[in-house]
Amino acid sequence: MNAIPPLDLAARLASGLLSFPVTHFDDRLAFDESRYREHLAWQASFGVAGLFAAGGTGEGFSLTSSEIDTVVRAAVDEVGARVPVIAPATGSTAQAVAQAQAAEAAGAAGLLLFPPYLTEASQSGLIAHVDAVCRATGLGVIVYSRANAVLEDVTVAELADRNPTLIGLKDGVGDIERMTRTYAKVGDRLIYVGGLPTAETFALPLLQLGVSTYSSALYNFLPEFALRFYAAVRAQDRAAVYGMLNDFVIPYLDIRDRARGYAVSIIKAGLTAVGRDGGRVRPPLTDLTADERSDLGRLIDKVRP
């Protein structure tokens, strides 16, 4: 895919629903490229605004840098001409810079910058981390505020002023006051992406805080439902949103919350339930039990077209 200017990429991503495809593994838990490509082709056929390769739902945290490069290249080759492929930048600052440069060389349309691995950091340290990645390539960058890298409003404003290629903030915290302060200070200079699991739960209230789109893990196995839900959110159709929350999303959350780490595992189980073979998760995640898979399958049957 030809490079997309950062501001054009921002407008494109803000125009619709975003998805983080799972990464498929074979029986030995090695990357299964053929199944991954098949999944991406299916995902790209429904009008999604952007696909984030090797992200959280894609188990990027369990992939080596070499594997991330392979996954990103496969995604760009398979669907990059149709849908912007956003690559991850993870780990230490040096690792994130190297991954950003590899993503640009692979033809990715943009970057999602994850928190640095393990260590705590000051706001000034986080500014230096984001600066380094933004300056490493010409790609548009979305920074993920969560865990050990929660960005305050003044930090986001300074980063936006310093880095023209910073195009977005993905919020994985859900702090209403912090988001209100951030949007009041930064406004539409950035796009705001909902990044809480499961994003549909928070989509309608966050819309009022400037969060115009979100990353839908459900899109992996129920793309029509996910797009219908997103349309209801953007239309602020409260009756439709809460109807779908009650019919599917909240019972789905009840299954997801039975074990830590199931936010990813349940997506792969959902794919298998709709006949598309999501496969297994890598350690340290664990797969759903047989009973949980049965419960999920019955729930999915209620909302499938």
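Start by selecting S212 in this predicted model: leaving aside residues up to four places away in sequence, S212 touches A14, Y192, L207, Y230 and R234. S212 sits in the loop that runs between α8 (203-207) and β8 (213-216). Its relative accessibility is 19%, so S212 counts as buried, the cut-off being under 20%.

S212 and P251 are separated by 39 residues in sequence, and their C-alpha atoms lie 25 Å apart in space. P251 belongs to the α10 side of a contact between α10 and α12, which is the next stop.

Show helix α10 (residues 238-256) together with helix α12 (residues 290-301). Their axes come within 10 Å and cross at roughly 175°. The two helices are therefore roughly antiparallel to each other, since angles over 145 degrees count that way. To see the contact itself, select D247, F248, P251, Y252 and I255 on α10, and E292, D295, L296, L299 and I300 on α12. Colour these residues by type: seven are nonpolar, three are charged and no polar residue takes part.

Last, move to helix α2 (residues 33-44). With twelve residues at 1.5 Å a residue, α2 should span 16 Å, and this agrees with its end C-alpha atoms, which are 16 Å apart. Select R35, Y36, R37, H39, L40, W42, Q43 and A44, which are buried in α2. What do the buried residues of α2 pack against? Display the strands β1 (18-19) and β2 (50-52), then the helices α3 (65-79), α9 (223-234) and α11 (262-273): the buried residues of α2 pack against these elements.

Technical notes
Residues numbered from 1 in each chain as written. Predicted model: local features only at pLDDT ≥ 70, side-chain atom pairs only at ≥ 80, totals over all residues. Heavy atoms only, no water. Helix = DSSP H or I, 4+ residues; strand = E, 2+ residues; numbered from the N terminus. Expected span 1.5 Å × (residues − 1). Buried < 20%, exposed > 50% of the residue type's maximum accessible area, 1.4 Å probe, protein only. Contact = heavy atoms within 4.5 Å. Axes fitted to C-alpha atoms, helices over the stretch in contact; angles between N-to-C directions. Parallel < 35°, antiparallel > 145°, perpendicular 65-115°, else oblique. Nonpolar A, V, L, I, M, F, W, Y, C, P; charged D, E, K, R; others polar.
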